[in-house]
Amino acid sequence: MEFQAVIMAGGRGTRMGCITEGTAKALIPVGQHPLLYYPAKLLEKWGFEEAILIVPSSQSGQFSTAIGQMGLSLKFDIVQINDDDDLGTAEALRIVAPKIKRDVLVLSGDLISDIALQVFADKHRRQNAAATILMADESLAFADMDETKLKGNQGAELIVALDKDDNDRVCVFVDEGDVEGGDLPMSRRMLENHPQLMFCKDLYDGHLYLLKKWVVDYVAANPTLKSLQCDLLPKLISSQFKRRSPKAEAASSGYATPSLHSSLDESEPRGLMASSLPPTDIRRFVPQDHWFDSCKAGASIPGTREAEELYGCYAYIMEAGHCVRANTMQLYAEICRTFSHSKLSSLACENIPNVHPSVSKKEKSQACSESVIDAKCTIGERCSIKKSTISKHCTIGDRVRITNSIIMDHVTIKDGCTLHNTIVCSNAYINEQCSLTNCQVGKKCTVNAKTHSKNEELNNDSHEF
């Protein structure tokens, strides 16, 4: 395999509320599979045979069990990280850097996408890019979702500027919150070389990146980099537009480096070039062949643009399909609501019924085709289940109505209950004739009979019971 793969599943899910209490974010259910299944299946579909999987150390056992139940041929090299370290994505990549020997595909463990990885990789090869970034228009990423529920919950608002005439080269990539006073600094050289930029505030970063091996080496050697999105990518993108030549910049720092303009002697060892640069200088990590090839390519472009060729960053814009991350509770709920069983089956590359064959369901109970009922559940008489997900080993009593809700595993809901837009975490017990609307029921929570709640987060410490 030309590329290695790293799945980032070490996040603590702090924005997921009670959903991730005692459960890794990547293991919460989406349809009949854990969230991790979808990025893993994507890799398997496009020919990957193994992947490095970064997980929280306290939940490594959960991951091992889930992987054994997913039925994938993809092999996982599980790497544990300390739960208390709260590592960023660049810091997590630094930990596994010794395992990475080739260019690497890094993707988030909460990504649901049907991107054609072959086409994505082809663009990366064609541009000889240092980094290629998966992006999608928000109208595609959040298609059919309730915008009022998602407002402020999609993650960082990005300001992105692309040169459409230069294969979607990324020239600006910055969090809107980092722009002080509304002023966006841009280098003169960038504007000279790219006078026609398309600025976008509606592009969604899919957190799927193809990186050169030397970029990983740079991350490994530079502890100041915390996040791939917020630190590494802006550094690479700005490096495309250096004001001065490497020789002038190194000389001002007290170092000397061979001239890239007067001589392109390919016999000159990389060690000499690297040793003449500061230890964390990004140019220190560019392999010799890439250095000289890029300089030659840049020499043929007006304006001496060799730095752009060395550190080229490009966006791959998805124009159809699915590309969304379940990285907040609101997004997770909307994904479960809007991704029909047929969509999830397509993403999982399988054709299974929305009601698992092992489910015991009384004849007069109904579950619409957009609902999912997983294995070993019991459904009582005259129940109605619409646009909802019910995970494994749940027991639903008689005359229960569930709409637009997520019921996690080992939940009991007694007779006569009504749930609407509600999330019920695992091992919860809801007694008879409860009515819950827009609620979250915590893990192992017991809800007293005839409880009527709206817009509440319910747990065993709540005063309502």
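Leu158, Val160 and Leu162 point one way from strand E9, while Ile159, Ala161 and Asp163 point the other way, and all of them are buried. This description refers to a predicted model. Because six of the six residues of strand E9 (residues 158-163) are buried, the strand is largely enclosed by the rest of the structure.

**Strand E9 and its partners**
- Strands E9 and E10 pair in the antiparallel sense, with six bridges between them.
- Val160 has Phe173 as its bridge partner in E10.
- Five residues lie between the strands in the hairpin of E9 and E10, where Asn167 adopts a positive phi near 60 degrees.
- E9 also pairs with strand E11 (residues 198-200), in the antiparallel sense and over three bridges.
- In E11, Cys200 is the residue opposite Val160.

**Six-stranded parallel sheet**
- Six strands form an open sheet with parallel pairing, in the order E16-E19-E22-E25-E28-E31.
- Strand E16 (366-367) and strand E31 (452-454) are the edge strands, each pairing on one side only.
- Within this sheet, strand E22 (residues 401-403) and strand E25 (residues 418-420) are joined in the parallel sense by three bridges.
- Thr418 in E25 stands opposite Arg401.

**Nonpolar surface patch**
- A nonpolar patch on the surface consists of Met186, Leu191 and Phe199, which together have about 250 Å² of accessible area.
- Met186 lies in the loop between strand E10 (169-175) and helix H7 (188-193).
- Met186 counts as partly exposed because its relative accessibility is 33%, a value between the limits of 20% for buried and 50% for exposed.

Note on methods: Residues numbered from 1 in each chain as written. Predicted model: local features only at pLDDT ≥ 70, side-chain atom pairs only at ≥ 80, totals over all residues. Heavy atoms only, no water. Patch = residues over 30% accessible without salt bridge, like charges linked within 9 Å, V, L, I, M, F, W, Y side chains within 5 Å. Areas by Shrake-Rupley, 256 points an atom, 1.4 Å probe, with all protein chains shown as cover. Salt bridge = Lys/Arg side-chain N within 4 Å of Asp/Glu carboxyl O. Helix = DSSP H or I, 4+ residues; strand = E, 2+ residues; numbered from the N terminus. Buried < 20%, exposed > 50% of the residue type's maximum accessible area, 1.4 Å probe, protein only. Pairing = 2+ DSSP bridges.
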